[in-house]
Amino acid sequence: MKRFLRSPLLWTFVLSFVLLLAVGGWLLTDPATSRSEALKTGGVAGAAIVALYALWLNDRRRRVEERRQEVERQRQELELRRADQDRDRISDERFAKAVELLGHDADQVRVGALHALAGLARGRELYRQTVLDILCSYLRRPFDHPRYEGEAKRPGNKLPERGKPEQEQELQVRQTAQRLIGELLPAAGAEDAPGYDLDLTGAVLEYFDLSERKVGKLLLRYAGLYSSTNLSGCVFLGPVYLTGAGTEKGKRIGYFRCNEAKFEQRAWFSGVQFSEDAEFSYTVFAGETSFKDSVFAKNAVFADAEFEGALDLRRARFEGFGDLKFRKAPGSVSLYNTSVDPARDHELPADWSVETLPDGRARLTVKDL
């Protein structure tokens, strides 16, 4: 009963009725006002009180609904945070387990671990660079195979020599890691995609293919690149270093393709030993470029390459055919004891020439130098 007496609705009707009587009674004291008009005016005044109550009640309901929606939103945010934390925990556990399995004796387990890491990187962008670092780290592990030792002497129609079972198994794992690196990198034409860094210093790679991919910084110092390497169509956002690649004992560089690529920063090929053909046709070198002390054992093709910075060819050796007919010549070039095969008819820029030395060797010179 007390609760009913405290009800706003009850007092609203009471106030409305009192106002009806008060206004109606007051108007009835005026002889010019009829009874019907007095009742009508009193009813309007009472209805106004009811309308005000209805507006207040509606506003109260609206605030209650807003508070309910806010509580629901906070609850959903809490659930999302919990889901994210659970997903992060599961991802971290998968990551740790996959890394642990990379040291397993069975090659199929190691391949599964590599795919698990790649799947994690595809699903969580946060892991992409970390997974690429781990794949590169795996490829930097020492590795040898009989097919690499005899590659230079093997006839073209002879199959590669097979190694021991454990070597063949490890070769399959490593080639899986190479393929996954290429798949995890964004396409060269992806404008908003970042460039991920690759550190393959001293790695032993075979049929390494990053064609049409976007890369940040690339390190291939003192690496062994067997059979063929394809960097054609790549966009390198960061500096690229192949210093000394193919020069360490037992390491070499096979067929090297880098056509229609773009180096947006420094491209450093100092001291590289190219054992097979090296192709750089239509490639753009936007930064400082160096082939100092490099050796091109066979054909070196730079047809229609563009150089926007300086080019260093000091002590470089072109032992095969050299096509140096650049589309855009470098602003400055360094030639010092840059030797070529005098028996070859090389393609050179208009202001370059071949100078034959008294001992029968030949070197490149530029008229303006």
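Before I start, one definition: two strands count as paired if DSSP finds at least two bridges between them. Please also keep in mind that what we are looking at is a predicted model.

With that in hand, let me begin with strand E4, residues 224–230. Strand E2, which covers residues 204–209, is joined to E4 by 5 bridges, and the two run parallel. Within that pairing, Glu 206 has Tyr 226 of E4 as its bridge partner. E4 is also joined to strand E7, residues 253–257, by 4 bridges, and these two strands run parallel as well; here Leu 225 stands opposite Ile 253 in E7.

Let me move to helix H4, residues 107–123. With 17 residues at 1.5 Å a residue, H4 should span 24 Å, and its end C-alpha atoms are 25 Å apart, which agrees. Which residues of H4 are buried? They are Asp 107, Arg 110, Ala 113, Leu 114, Leu 117, Ala 118, Leu 120 and Ala 121. Because these residues cover an arc of only 160 degrees around the axis, they sit on the same side of H4, while on the other side Gln 108 and Gly 123 are exposed.

In general, side chains of opposite charge can pair when their charged atoms come close. The structure holds 21 salt bridges, and one of them joins Glu 183 to Arg 122, with the closest N and O atoms 3.0 Å apart. Since Glu 183 lies in helix H7, residues 165–184, and Arg 122 in helix H4, the pair ties together parts that are 61 residues apart in sequence. Both partners are partly exposed, Glu 183 with a relative accessible area of 38% and Arg 122 at 44% relative accessibility.

A further salt bridge is the one between Arg 327 and Asp 304, where the closest N and O atoms are 3.9 Å apart. This pair links distant parts of the chain, with Arg 327 in the loop between strands E19 and E20 and Asp 304 in the loop between strands E15 and E16, 23 residues apart. Asp 304, at 26% relative accessibility, counts as partly exposed.

To finish, Arg 361 forms a salt bridge with Asp 359, the closest N and O atoms being 2.7 Å apart, and Arg 361 is partly exposed at 46% relative accessibility. Elsewhere, Glu 70, Arg 73 and Glu 77 are linked in a network of salt bridges.

Conventions
Residues numbered from 1 in each chain as written. Predicted model: local features only at pLDDT ≥ 70, side-chain atom pairs only at ≥ 80, totals over all residues. Heavy atoms only, no water. Expected span 1.5 Å × (residues − 1). Buried < 20%, exposed > 50% of the residue type's maximum accessible area, 1.4 Å probe, protein only. Arc of directions from axis to C-beta. Salt bridge = Lys/Arg side-chain N within 4 Å of Asp/Glu carboxyl O.
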